[in-house]
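This report concerns aromatic contacts and a nonpolar surface patch. The structure is shown first, and the discussion follows.

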Amino acid sequence: MTRKVWMGLALLAVFSLFSLGLQEAWAAEETVKIGYCAPLSGPAAAWGLPGLEGTSIWVDKVNAAGGLKVGDKTYKIEIVKYDDEGDGAKALVGVKKLVLEDKVVAILMLGGATTPPTQPFLSKEKIMCFVLIASDIAPDRPYLMDVTDNFPAYHLLHTEYIADAHPKAKKAAIISQDDEIGLAAIAWSEAGFKAAGIDVVYSKAFGVSTTDFAPIITAVLEKKPDIISMGASYPEFQALICEQAYTQGWRGIITSACWDFGAILAKVPKEFMEGAVSGFPDFDDPKLTKDHHDFWAEWKKRYPDHSFSEIVWEYMGALDVWAYGAQKAGSVKSEDVFKALKAADTVPHSFGPGKWFGKETFGNDNLLVPTWPITEIHGGKPAIVAYKNLFDWLKDAKKKQILFDTLKAWNIKTYQ
Amino acid sequence: MIRRILVYIVDNFRWIGWLMILGAVLIVLPYMVRTYQVEVLILLLIDIILVVSFRLITTTGGWSLAHVPMMGCGAYATALLTAGLGVPFWISLPLSGLAAAVMAFILSYPLARTTGFAFFVASFAAGDSLRLCWTRFKTPFGGHKGLTNIPVPEFFSSVDLSAPIPYYYLALVITALCLLIMFRLDRSRIGHTFKAISMNADLSRSLGINVTFYKMLAFTIGSFFAGVAGVLLAHRLWAVVPAQFGFVTTLYLLVWVVFGGTRTFHGPILGVVVLTFLSELLKPLFEWVPMIFGTIIILTLIFFPEGLEGLGHRFTPWLDRQRFAAGDEPRH
Amino acid sequence: MALLQLKNLGKDFGRLVAVNRIDLTVEPGEIRGLIGPNGSGKTTIFNLITGFIPPSRGSVFFQGEDITDLPPHAVARRGLARTFQLTTLFKEMTALENVVMACHLHLRVGLWRQFWRTARTRRREKAVEFRAMELLEFMGMAERANELAGELPHGHQCALGISNALATNPKMILLDEPVGGMNPTETAQTMDRIRRLRDLGITVLLVEHDMKAVMSTCDRITCINFGNKIAEGTARDVCSSQDVIEAYLGGTSGVCSL
Amino acid sequence: MEFLFQTILNGLMTSSFYALIAVGLSLVFGVMHIVNFAHGEFYMLGAYTVWILFAKLQWPFFLAVAAAIVLVGLLGLISERLIFRQAHGQVLSGFIMSVGLVFILQVAVVKIWGLGKMKPVPAAFPEILNLGGVSTSWQRFIVIPVTILLLGALWVFLDRFRIGRALRASALNPDAAALQGISPKKCAAVAMLLGSAMAGAAGALMAPIMSVHPYMGHSVVWTAFVVVIVGGPGNIKGSIYAALLFGFLTTVITTWIDSTVADLVNALVMLFLLALRPEGVMGHD
């Protein structure tokens, strides 16, 4: 008897799982699907899950307004998720399922380890893929674009700003974790400092499993830097680096790609972080637009106890760009949207109109570059203090040469 | 000779019959499922080589945590050979397996001297140092970006091995071949010696068996097949990145093998097949999945310590009772 | 020439001296008993001789060859076999499979041939199986050849352990408590078999607590205590030794209950 | 000179941490013959306890640490009772079960307290400590004396108490504990309680100076394993020596070259030592 009950329960469980799958299959006729293939479980999920918060706010807003009007049709938007666990083989299965099964017209991905195995297929199918890491752009990946995050290019702007604002600072140290992201950050930051006339006295990557930063900071401080750049150190490293620099008695200017303030301010006093430079504002910054503020308010309402990170916004920012391209093309077909986006002189980016860039550095003009904000920490909160444009920076041929030389020295391929 | 084969077939008719049915199912399978699911099947075949070669090492008593990096060794070797030096796939396939085997042979010198817990940790450290080398030395391994542009295996020009179904058949043939060799090995005296060592190493020593040598042999042969699995993976993904061979994969490998059981040859295969289907089914639950797997594995070990294969043994007495009740003789 | 010769052999575990300095000579064809109270270092001596643990000092000679630093399998290869204190078998194999595995040394077929199972390999395997069956018959357990070793009764397990050691075709065999935990009938049978080993020309060195068995079987007896040799000679000599009586005083079994 | 002193201080601090986390693991392995892969997750839970009690509920720091020790110790006891006891001393089953436990605990923590970024734990003693030109925070410095204190307490327990002696004996020889009249089950339970409590203590002490997140245990547990096997499993003194060896090795190489090379060198040193002395560098007493 009990065995039968158990069998029944097991069958029920299997059926409910199937029906879950079926629900996803029932879709309204005029729905356009966009794939979301990122790590949603395991240690890398911190890179995938927050993005869903932003995209769901975006999708709900568009659908509540009746859908996205493209040409003479109105489409509801649906995000189809796939958990790639940060693993290349699973990501390949994922993008195949999304493209062949769900017929998505574009895919949002993190980039990095999952890009090499998935790109040959996505290029062949001509499916646009939006990633968050510009250094994934390559000549043989025509449909891979980075339309939100200007990493690692914005490091050039941060360093230039620091050189302008702190003329006395002469020596800089750069550290970031030893992976593709960290190494790109180190190389571009080093180029930025050199171009701004600041000596780089220490630039080294640390292993991703590092838990103790005391020896690293001891080695850094031995070089007596005025500036410490954390490159693109992950949140769990930043606070520890700051803490070590503080407790080993160093005072100076800190810069990083982005911040996790809650954690840092738990370790070091506010004063230590005063004037620290980065490129990501909170979206309630008075210098930003009403759209940003509305998004911030909505996000705060939905996830009151989550901490804001650029990941929350970036996937959503990619959807903005995609929608613009679709409306301009009058079609949701991947290739049409792609052509429309690439044909546009300027494309609206969250931080203002952006232009395509990347041919010389990545081999393809697939990075959307707007005028990027520079933020400084004042009273424990980032505030926009300036806007800078990468194209202005690149106008100086000498600086440009320094950039290419440095990238070459760091073994990063360029396409000059 | 022919008569012997015929007698063998008749004697083992049941067994061969089942195998033929299985073969037929495997041959038509790709046409029964969706395209992306063929991709899952290809990865499953690769994982089958991986678990069976892993079991080969465990028959000597050592549970190697370096097995996934060994697969990486094969993958990197074929990437360097085919994409870098232009060696054809069919030559690179055994060569890359051999590369993994050579690497394993070198590492097995200290490893084979350790047992139990020390073997775990030492093999993990050995595998992890391989992975550190791939990330650290950009030439020739490409660092975190790994190696790309691995060519599609060439076959008669009419067959496009970049498409899923032809590649599935390629993987099927190679998997079948690998399993055949490993099955043969398992049933040979070498395999018996491996098992004797795991049953009692001291007794084996006292009987004149060079335990260290056989452990090194098992580790090397197992790693050879892990390398072959890596070759199949690399030529399917057309890219290798070090993150592919991380510790999470190793943990899943252990879970598959334990879930299936290691006493029999088919146990680990059963484990990986069932759990792969389960994880495809559970996909919509996202972040809950590791917890479900964790629970499954603990419950398996508590209630069926021998894994899925042990269920068969538990089932046999029950079957015998049913037969007995039906008036038949119990089968032995 | 002595078959086995220990010269000054000793082993320390940290500060504990397990075996101090033992000199021992065993002549071919002899059955030698090694006795001593619990913890006197008998099993350690076996482990030192067969290469399971490296000695701290001294050396071991077998047939005139220095085998001190050889690993266990190489010692076995030279014709020096051993059994273990607790019945040590391949428990998940049948009795026959156990002995076949123990004939490992005599297969003499390369790995490659073993893998392909050439006609020659199969012939050799057949021969080995035949020999294994002979050995089981010799130990009186032919009818149990196809039972799982772990499920055999205790006495048969011990006999199987000896069969395993015999299968390596030894010139000398070290038996560690061959009758431990047996009833008197089983003990008598086993001791009888040990005497028959001598008839086969195999020299025996045995450690045993059952004094009656030792006294009745062994040609000569060596007694050790705290890692030192305290007496050596015939059963009667050892019995009358004052040191031996003192060593065993308060022990569970009287030494000379002959 | 300052540079040298700073490096020595860093090395001492790293070694203390390694010792604290490895000794508990060594005890559990020695007595129960369980390779507890979830030791890292126990460490993580110790850190989370401090985050909740000290950072969020404003308890005094040492009270929070004590609570973490007790809570994680109890969790260890429960997991011994529910899970590890079923492994019946089989190293492999125990290891795989602990892998399952790792998956469960990680997902549970993610589900309860969220994934996102690291949990902010402020320093309880943020004052800067100046030792002859070398500076560190009190928060970091106290790890060294507290480790010595905890290890000392453990030593006294193992040396002076009957059950402690039984534990030590059963680490060397499982039957010996039975001779002392204490059941192996009780020994296993006490070992698990103590071992997990040490992991909890390590996590609690480290919470203010390391990043607290659901996967923080992973990078730590392997270092602990290496320390345990090089020191000889079940050998507490050996673990302390090994912790000093690898603590200083890691610190010096990280300062001079980088931490990836430090990891590589650690692995190679361990393989080399194992090839020489498979039973652990200290061997058995």
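B:I2 lies in helix 1 of chain B, where helices (H or I, at least four residues) and strands (E, at least two) are DSSP runs numbered from the N terminus. With a relative accessible area of 65%, B:I2 is exposed; the classes are buried under 20%, exposed over 50% and partly exposed in between, with a 1.4 Å probe and protein chains only. The model is a predicted one, in which local features need pLDDT of at least 70, side-chain atom pairs count only at pLDDT 80 or more, and totals for chains, interfaces and linings use all residues. Residues are numbered from 1 along each chain as its sequence is written, chains are lettered from A and ligands numbered from 1 in the order in which they are written, and side-chain values use heavy atoms, with hydrogens and water left out.

B:I2 also belongs to a nonpolar surface patch of about 970 Å², together with B:I5, B:L6, B:Y8, B:I9, B:F13, B:W15, B:L19 and B:L22. Patch residues have over 30% relative accessible area and no salt bridge, and nonpolar side chains (Val, Leu, Ile, Met, Phe, Trp, Tyr) are joined within 5 Å. A salt bridge is a side-chain nitrogen of Lys or Arg within 4 Å of a carboxyl oxygen of Asp or Glu. Helix 1 (2-11) and helix 2 (13-32) of chain B are the elements that give two or more residues to the patch. Helix 1 supplies the largest share, five residues.

Aromatic rings form a further topic. Rings of Phe, Tyr and Trp (its six-membered ring) pair if their centres lie within 6.5 Å, and planes under 30 degrees apart count as stacked, over 60 as edge-to-face and the rest as tilted. The count over all chains comes to 59 aromatic pairs. Two of them are tabulated.

| Pair | Centre distance | Plane angle | Class |
|---|---|---|---|
| A:F283 and A:F308 | 5.4 Å | 50° | tilted |
| B:Y76 and B:W134 | 4.5 Å | 25° | stacked |

A:F283 and A:F308 are 25 residues apart, and both are buried. B:Y76 in helix 4 (residues 67-85) and B:W134 in helix 6 (residues 116-136) of chain B are 58 residues apart. B:Y76 is buried at 1% relative accessibility, as is B:W134 at 3%.

A charge sits over a ring if NZ of Lys or CZ of Arg is within 6 Å of the ring centre and within 35 degrees of the ring normal. B:R236 lies over the face of B:Y167, at 5.1 Å from the ring centre, and C:R82 over that of C:F52, at 5.0 Å.

Methods:
Patch = residues over 30% accessible without salt bridge, like charges linked within 9 Å, V, L, I, M, F, W, Y side chains within 5 Å. Areas by Shrake-Rupley, 256 points an atom, 1.4 Å probe, with all protein chains shown as cover.
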